[in-house]
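Please keep the sequence and the structure in view while reading.

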Amino acid sequence: MAFKVVIPQPVVEEGVNFLKDKGCDVVIGTGNTDPEYLKNLISDADALIVRTANYSADVLSAAKKLKAIGRFGVGLDNIDLDYCKEHNIMVSIAPGANSNSVAEHTIMFILMLARKAVIQDENTRNGNYEARNTIPGNDVFGKTLTVLGLGRIGRMVAQKAHDGLGMNIVAYDPFVSQDNAPDYVTMVTDFYEAVGMGDFVSIHMPATKEFENIINMKFFKAMKPTAYIINNARGSLQDEDDLVYALKKHIIAGAALDVSKDEPCVITDELWSIRDNLIVSPHNAGLTVETKIAMAMLAAEGAWDALNGKLPKYPAPGFDK
C-alpha cells in the first residue's frame, strides 16, 4: 500500500513530484491553517510536509498513522516536538536551504534603510523630487553591523556586509568564541553592549522562550538613536507594543521586519501603519525560487527516509537517534 503524504500548505512541484515518483499518494491542502481543517485533512496521513501552520498536540493527535514530518524550513516552534517524540514521529528539517536567501534579504534591508528607499519611492511617485535634498540617505561603508546570533545565516550576513559593503562587524553569540569566529568579526560577550555598538542591528536568534520579546524597550534604549533594527528571524522575538513606541517616538532610527507575531499581519494594525521609518515584507526572506525548491526537496526526502525506517539526512535536534 502506498504511503499517504499530506501537504497542508502547498510547496513547489519538485518536492511533490519526488514523492509521487516514489509511489506516494500525495494530498495537497488549500493552505488553510485552521486547526479543525488541519485535523480533518491529516487524519489518515503517514507523513506530513509542513510549513508555518501550528501543529499542536491536539492537531497531531488526529493523525493516528503519522510516522514522519518533513519541515519546509528549519523553524520548529510551530510543531509540538514533545508529542512527536512520545509518539515516535520522526521530524526532519531543511537546514541551509534558505540561508543565502535570508542573508541577501538582510543586506537588502540594510541598504533600503540607509537610503530610505521606501519613503523616497513614495515621494518620487507623488512628484516630490525635492525629497532628494530634504531626505538624505547614508552610506553604509565603514558603519558597524551588529549580528545577534552567528549561526549559518548570521555568518553569511556578516561575510556579505564585510566583504561586499565594507562594514565593520560586531557579533554576539554565547556559543561562539572569538577563536571560532571569522577574523573580521569582533565577538562581544555582553548582549546589550553588542546591541549598543551597531549602526545596524540584525537578529538571527532562535525563537525560544528564553528569547521571547527580547527586542523590547530595554533593547531599544541600548541602541544608538541613529541605529536600525532588522528582524528576519521570528516575530516572537519582538515586543510589538514597545516597537511601535520606539519608532513613533524616534528612540531608534527605524526598523525592517520580515516577520510579525500574528502572521499574516493585518495592515491596519498600529505597527504596520507606520511608514516613515518602518519597512516590512511578508515573511518571504527565505522564499526565493531557488530556496523553495531546495526546501521542498529536503522536506520530501526527509519524510521519505523516515517512512522507510531510515534516519533522515537532517533530523530535527533531539530526533537524531
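Which residues are buried in α6? They are Ile-119, Gln-120 and Asn-123, where buried means under 20% relative accessible area, exposed over 50% and partly exposed in between, found with a 1.4 Å probe on protein chains only. These residues cover an arc of only 100° around the axis, which puts them on the same side of α6; the arc is that of the directions from the helix axis to the C-beta atoms.

The model is a predicted one, in which local features need pLDDT of at least 70 and side-chain atom pairs count only at pLDDT 80 or more, while totals for chains, interfaces and linings use all residues. Residues are numbered from 1 along each chain as its sequence is written, and side-chain values use heavy atoms, with hydrogens and water left out.

The buried residues of α6 pack against α7 (131-134), a contact being heavy atoms within 4.5 Å. After α6 comes Gly-127, whose phi is positive, near 80°.

In α8, the buried residues are Gly-154, Val-157, Ala-158, Ala-161 and Leu-165. They cover an arc of only 100° around the axis and therefore lie on the same side of α8. What do the buried residues of α8 pack against? Their partners are α5 (99-114), β6 (144-148), β7 (168-172) and β8 (185-187). Gly-166 follows α8, and its phi is positive, near 70°.

The strands may be considered next. Strands of a sheet pair through backbone hydrogen bonds, either parallel or antiparallel. Here, two strands pair if DSSP finds at least two bridges between them. Five strands form an open sheet in the order β2-β1-β3-β4-β5, with parallel pairing. Because β2 (25-28) and β5 (90-92) stand at the edges with a single partner strand each, one side of each is left without a neighbour in the sheet. From one strand to the next, the twist averages 15°; axes are lines fitted to C-alpha atoms, for helices over the stretch in contact, and angles run from 0 to 180 degrees between N-to-C directions.

Within this sheet, β3 (residues 47-50) and β4 (residues 68-71) are joined in the parallel sense over four bridges. Ala-47 has Ala-68 in β4 as its bridge partner, and Ile-49 has Gly-70 in β4. In a regular strand the side chains alternate between the two faces of the sheet. In β3, Ala-47 and Ile-49 point one way, whereas Leu-48 and Val-50 point the other way, and all are buried. Helix α12 lies across β1, β3, β4 and β5, running at about 165° to β4.

A second open sheet has seven strands in the order β8-β7-β6-β9-β10-β11-β12, with parallel pairing. Its edges are β8 and β12 (278-280), each with a single partner strand, so one side of each is left without a neighbour in the sheet. β6 and β7 pair in the parallel sense over five bridges, and Leu-148 has Tyr-172 in β7 as its bridge partner.

In soluble globular proteins, nonpolar side chains tend to be buried together. A nonpolar core is a set of buried Ala, Val, Leu, Ile, Met, Phe, Trp, Tyr and Cys residues joined through side-chain atoms within 4.5 Å. The largest such core has 47 residues, of which Leu-19, Leu-48 and Ile-69 touch the most other members. Helix α12 (residues 289-307) gives the most to this core, with nine residues. Apart from it lies another core of 32 residues, among them Tyr-172, Val-188, Met-217 and Met-223.

Two loop residues complete the account. Most residues other than glycine have a negative phi. Lys-116, in the loop between α5 and α6 (117-125), has a positive phi near 50°. His-250, in the loop between α11 (240-248) and β11 (254-257), has a positive phi of about 55°. Lys-116 is partly exposed, with a relative accessible area of 25%, and His-250 is partly exposed as well, at 46%.
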